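Biologist: Could you take me through the aromatic rings in this model, slowly and with the terms explained? I would like a close look at how they pair up.

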Amino acid sequence: MKLLRKYTDQKEPMSLRKALDDCGMGRGERGKAYVYKKYYGYLMAIVIRYIKHEMESEEVVNECFVKAFSKLDSFNLDVEEERLEKSFRSWIARIAVNQSIDFLRSKKQMLMLDDVSEYELVPHAVHNHSSLEVQDILKLLDELPDIQRTIFNMYEVEGFSHDEIASLLNIPDSTSRTYLTRAKQKLRKLYVEQFNTADHRS
């Protein structure tokens, strides 16, 4: 009898689908803990690319989870098991980007058009800098102005289109393209400077 009780009392192993189901049905503490533990590092990696300070990033990540749990009814759970993980990661990443942008706006850290001339608003050709190592680029992002870093992250890392960026940041899409071009030029300059310095030291 004790053996039977032992097995019948055991909790069902947690999975992403079960965690999200539990959260949606008001039995969410265990499900929320599972999601929080599984995706905290993932969201922190996104947020820290936009917000330089770790404590502020942690604050925004926690807000991301609050937002995600409150909006779970807008996430489509009706997908195949093998696609659920990818779909949820994409969905929660968008929340992280939006929360990061809202935070920067609240701190008035995103200066928009004050340093963009009328000439520069003409769309530029954005060149692919695939020759730059991805990890090296990410290390140099903190050297960019907030608006350039934000648009570079949104376009190159998160996969937003210029139309989507323009809508989220309330700027013309041509301005988004201009800032992306500036960001790439600045990153290339920083990369070359760092690379040359490393060469001279070796």
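Modeller: Happy to! Let's start with a cluster: Tyr39, Tyr42, Phe75, Phe88 and Trp91 are linked by ring pairs. Rings of Phe, Tyr and Trp (its six-membered ring) pair if their centres lie within 6.5 Å; planes under 30 degrees apart count as stacked, over 60 as edge-to-face and the rest as tilted. This is a predicted model, where local features need pLDDT of at least 70 and side-chain atom pairs count only at pLDDT 80 or more, while totals for chains, interfaces and linings use all residues. Residues are numbered from 1 along each chain as its sequence is written, and side-chain values use heavy atoms, leaving out hydrogens and water.

By the pairing rule, there are eight aromatic pairs. One of them is the tilted pair of Tyr36 and Phe65, with 4.6 Å from centre to centre and 45° between the planes. Tyr36 belongs to helix α3 (residues 28–47) and Phe65 to helix α4 (residues 54–70), so this pair ties together parts 29 residues apart in sequence. Helices (H or I, at least four residues) are DSSP runs, numbered from the N terminus. Phe65 is buried, at 3% relative accessible area, whereas Tyr36 is partly exposed at 32%. Here buried means under 20% relative accessible area, exposed over 50%, and partly exposed in between (1.4 Å probe, protein chains only).

Phe88 and Trp91 also form a tilted pair, 5.7 Å centre to centre with 35° between the planes. They are three residues apart in helix α5 (residues 81–106), so about one helical turn separates them. Both Phe88 and Trp91 are buried.

How values were computed
Helix = DSSP H or I, 4+ residues; strand = E, 2+ residues; numbered from the N terminus.
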